[in-house]
Amino acid sequence: MQQLETAAYEPKTFDPNEEFVVGMSACGFATKGGFILLDAIKELKKTYPKIKAKIIYPKHSKNLGLKLYLKFFNIEKNVEFYEYQKDIKSFYRSCHCWAVPSLRESFGRVVTEAMSLKIPVIVGSNVGAKDIIKDGENGFIFQMNKYSGKDLAAKILYLKDNYNNSNELIEKAYLTSKSCTWENFAQDMFNALLDSSSNETAKTEALVK
C-alpha cells in the first residue's frame with residue numbers, strides 16, 4: 001500500500017473546552033458517505049455543540065442538496081469544506097480523528113495514512129480497510145445500515161470522551177499502518193494462494209484414494 005513519508009509524531013491531546021474535529025475526504029460526496037458523517041454531526045450537536053467536521057470536497061459549492069441539508073439541520077457552522085490539500089499531513093494532524101463512512105470502498109488508503117500520522121480512524125463496515133482494524137484496539141468500526149449515522153456518532157462520542165486515554169490504541173494503529181506495505185500485501189496474497197492450492201491438492205489426492 002502507498003504510504004506517506006511520516007516523521008515521528010506524538011498522539012494528539014484533546015481539550016474538552018475546544019472543538020473536537022472529525023476529518024474526511026469525499027471527492028464523491030454521496031458515495032464516500034458524506035451524508036452519513038453529516039447525520040452523525042447532526043446527532044452529536046444535540047449534546048456537544050462544539051463538534052466540527054473538516055471535509056475535503058472541492059465541489060461543495062455546486063452541491064445544492066448538500067447546502068439545503070446543512071441549512072435545514074442547522075449545522076452550517078459545524079462543517080467546513082476544503083480544496084484538495086498540498087500538505088495533506090498537516091490536514092490530517094489538524095483533526096482529532098478520521099472518518100471513512102464510504103458506501104463502498106475496496107480498501108481506503110486514507111485509513112493507513114491517518115493511522116501512520118497517529119490520528120485514530122473510524123471506518124464503516126463496507127470499507128475494505130476494516131479487515132486491518134480490530135474495533136476498539138487499533139481503531140473503530142461502525143455498522144453500515146439505516147442507523148449508520150447514529151452508529152458513527154456513538155463511535156465519535158466514545159473516542160472524544162476517552163481521547164486522552166487512547167495512546168495505546170493510537171500506537172497500535174501506527175504499527176498496523178507500518179505493516180501495510182505492498183510487499184506484505186503481495187506476501188499475504190501468495191500465502192493465501194499457496195494455502196488454496198494445497199487444499200485443492202489434498203482434496204484431489206483424497207478422491208484418488
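Predicted model: local features only at pLDDT ≥ 70, side-chain atom pairs only at ≥ 80, totals over all residues.
**Entry 1: helix H2**

I looked up H2, which covers residues 64–72. I asked which of its residues are buried. I found Leu 66, Tyr 69 and Leu 70. I then looked down the axis of H2 and saw that its buried residues fall within an arc of 95°, so they line one face of the helix. I noted the general rule beside this: an α-helix has 3.6 residues a turn, so residues three or four places apart point the same way.

I turned to the face of H2 directed away from the buried side, and there I listed the exposed residues Leu 64, Leu 68, Lys 71 and Phe 72. Next I checked what covers the buried residues of H2; the cover includes helix H1 (34–45) and strand E3 (79–82).

I also checked both ends. At the start of H2, a side-chain oxygen of Asn 63 comes to within 3.3 Å of the backbone nitrogen of Gly 65. Just after H2, I found Asn 74 with a positive phi of about 55°.

**Entry 2: the cores**

I asked how many residues the largest nonpolar core has. I recorded 36, and the ones with the most contacts inside this core are Phe 20, Leu 37, Leu 38, Ile 55 and Ile 156. H1 gives the largest share of this core, 6 residues. I also noted a second, separate core of 20 residues, with Met 115, Leu 117, Val 123 and Val 127 among them. In soluble globular proteins, nonpolar side chains tend to be buried together.

I followed up Phe 20. Leaving aside neighbours within four places in sequence, its contacts include Phe 14, Tyr 48, Ile 51, His 96, Cys 97, Ile 156, Leu 159 and Tyr 163. Lysines are also in contact with Phe 20, including Lys 50, Lys 52 and Lys 160.

**Entry 3: Lys 12**

I found Lys 12 in the segment before E1. Is Lys 12 buried or exposed? I noted that Lys 12 is buried yet has no salt bridge. The nearest side chain of opposite charge, Glu 18, is 8.1 Å away. The side chain of Lys 12 does reach the backbone oxygen of Arg 93, at 2.8 Å. Not counting residues up to four places away in sequence, Lys 12 touches Arg 93, Ser 94, Cys 95, His 96, Ile 119 and Tyr 163.

**Entry 4: Ala 8**

I placed Ala 8 in the segment before strand E1 (20–25). Ala 8 is exposed, and I wrote down a relative accessible area of 78%. I then took Ala 8 with Lys 118, which lie 110 residues apart along the chain. Their C-alpha atoms are separated by 9.4 Å.

Notes
Residues numbered from 1 in each chain as written. Heavy atoms only, no water. Buried < 20%, exposed > 50% of the residue type's maximum accessible area, 1.4 Å probe, protein only. Helix = DSSP H or I, 4+ residues; strand = E, 2+ residues; numbered from the N terminus. Arc of directions from axis to C-beta. Contact = heavy atoms within 4.5 Å. Polar contact = N/O pair within 3.5 Å; in protein donor to acceptor, adjacent residues only side chain to side chain. Core = buried A, V, L, I, M, F, W, Y, C linked by side-chain atoms within 4.5 Å. Lys, Arg positive; Asp, Glu negative; His and termini not counted. Salt bridge = Lys/Arg side-chain N within 4 Å of Asp/Glu carboxyl O.
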